[in-house]
Amino acid sequence: MSDQHAILTLGDEILRLNIVNGTEGPGTIDIAPLYKQTGLFTRDPGFLSTASCNSQITYIDGDAGILRYRGYPIEQLAEHASFLEVAYLLIHGELPTRVEFAEFEHVITNHTMLKEGLFRFFEGFHYDAHPMAMMVGVVGSLSAFYHDTIDIHNPEHRIRNAYRLIAKMPTIAAAAYKHNAGELVIYPNNQVSYIGNMLRMMFATHCEPYQIDPLAEKALNLLFILHADHEQNASTSTVRLVGSSGANPFACISAGIASLWGPAHGGANEAVLNMLNQIGSVDKISEYIARAKDKDDPFRLMGFGHRVYKNYDPRAKIIRDVCYAVLEQSADANNPLFELALRLEEIALNDDYFIARNLYPNVDFYSGIIYRALNIPENMFTAMFAVARTAGWVSHWIEMLEDPEHRIGRPRQLYQGAQQRVYQPVSQRS
Ligand code: ACO
């Protein structure tokens with residue numbers, strides 16, 4: 001706690017509010033005692049100026065375009081690390097030693113299986129159910145299978161379920177994909193890498209041998225690292241809020257998946273591809289840019305803008321470069337959508353409307369193009385994101401439960417409804 005403070009004057013009353021600083025980034029005015037002392041709440045729809053918790057996991061400087069996991073710049077992790085190494089880092093705060101990593105990788109790749117009953121859940125879904133709809137249901141249902149080890153006050157149970165979730169998410173996402181494809185599920189193979197297994201479970205069939213494409217594995221590893229965490233975004237805050245009531249981890253992550261699905265959040269990668277398909281050709285770009293600027297038109301340039309980044313999203317920069325590499329080596333070499341995306345970005349970045357509002361491409365602007373080049377269908381994009389973000393969600397869930405300050409998340413409101421009135425029976429209402 002620093003000895004700095006802010007002064008709030010309310011009529012004759014002067015209130016000193018402590019300023020609490022972090023290790024980096026903006027400090028906070030601690031308003032927790034405000035209501036008790038003044039009878040007033042603060043009001044901040046959409047949390048524009050509110051830090052909802054303390055966290056040591058991820059640091060973002062949106063103006064400078066900086067993203068770090070546990071202090072490590074995203075560019076270094078993207079270049080050198082594996083997704084599982086990053087997952088370990090997010091959960092435990094330090095990069096694993098060689099021995100720790102071997103053990104972690106072994107545990108994760110040996111908990112990939114689902115109970116057979118869970119696989120049968122998929123049969124009940126409509127043939128074209130959205131993968132995210134299936135994932136919300138199936139992940140939530142895991143609590144019905146592991147109810148004997150979900151004591152959230154037990155640190156060993158917490159870690160066990162965090163690992164379980166990371167291990168089983170690819171199997172669940174791939175089973176959702178197979179359901180849509182009308183194919184038999186492929187069970188996980190514990191001898192294969194985490195990312196390779198994900199590709200195998202999606203694209204292998206029971207009638208032919210399957211070779212994991214090293215370029216696809218590399219690209220997916222990178223996308224998963226970039227998507228692994230992003231501090232208190234909508235889905236992570238959802239996980240924390242649900243978890244704050246003491247709910248079990250599977251229910252929390254299922255709620256996170258539901259939140260991620262929205263097109264303003266993780267659903268944007270699917271929406272970007274739909275938008276690019278809708279625009280169709282370079283000569284139509286100006287028409288869509290005009291629509292995005294028109295306040296009477298609900299159309300927004302998907303994959304553009306971010307609540308925190310008022311500069312180029314560092315993840316988008318990395319993905320854009322990888323896009324070239326993946327497309328060059330894939331059958332999608334002359335992908336017209338990539339050309340279209342590059343041109344759209346160029347036009348938008350030179351347009352006064354986008355410049356004035358600091359609207360830059362975000363992580364989702366290019367990720368969909370890579371997923372498509374890897375033959376992953378549009379409706380699976382957000383499901384892939386959910387698999388990767390599980391590492392971040394479980395890390396935040398554990399951090400919250402270990403925080404001695406944590407209590408149930410219960411925001412207040414500014415009531416603007418009717419004042420007290422008298423009930424009239426329906427027979428007397430005209
Ligand atoms: N296209 C056109 N205009 C936009 C866009 C966009 N994509 N994004 C923001 N704006 C405009 C708004 O209309 C607003 O203009 P105004 O000041 O004239 O009213 C201004 O920019 C600020 O926008 P807000 O909506 O206030 O910004 P906010 O921080 O609330 O929203 C969000 C951020 C939701 C990401 C928004 O930029 C958006 O909808 N983008 C498209 C969806 C998207 O790509 N989401 C993915 C985000 S990354 C992720 O979740 C992984």
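Me: Which residues come nearest to the ligand?
Reply: Of the 21 residues around the ligand, Lys295, Arg300, Leu301, Gly303 and Arg307 come nearest, where a residue is near a molecule if one of its heavy atoms lies within 4 Å of it. This is a predicted model, in which local features need pLDDT of at least 70 and side-chain atom pairs count only at pLDDT 80 or more, while totals for linings use all residues. Residues are numbered from 1 along each chain, and side-chain values use heavy atoms, without hydrogens and water.

Me: Why is H14 called roughly antiparallel to H15?
Reply: The axes of helix H14 (residues 314–329) and helix H15 (residues 336–349), lines fitted to C-alpha atoms over the stretch in contact, cross at roughly 155 degrees. Because angles over 145 degrees count as roughly antiparallel, H14 is roughly antiparallel to H15.

Key
Axes are lines fitted to C-alpha atoms, for helices over the stretch in contact, and angles run from 0 to 180 degrees between N-to-C directions. Helices (H or I, at least four residues) and strands (E, at least two) are DSSP runs, numbered from the N terminus. Angles under 35 degrees count as roughly parallel, over 145 as roughly antiparallel, 65 to 115 as roughly perpendicular and the rest as oblique.
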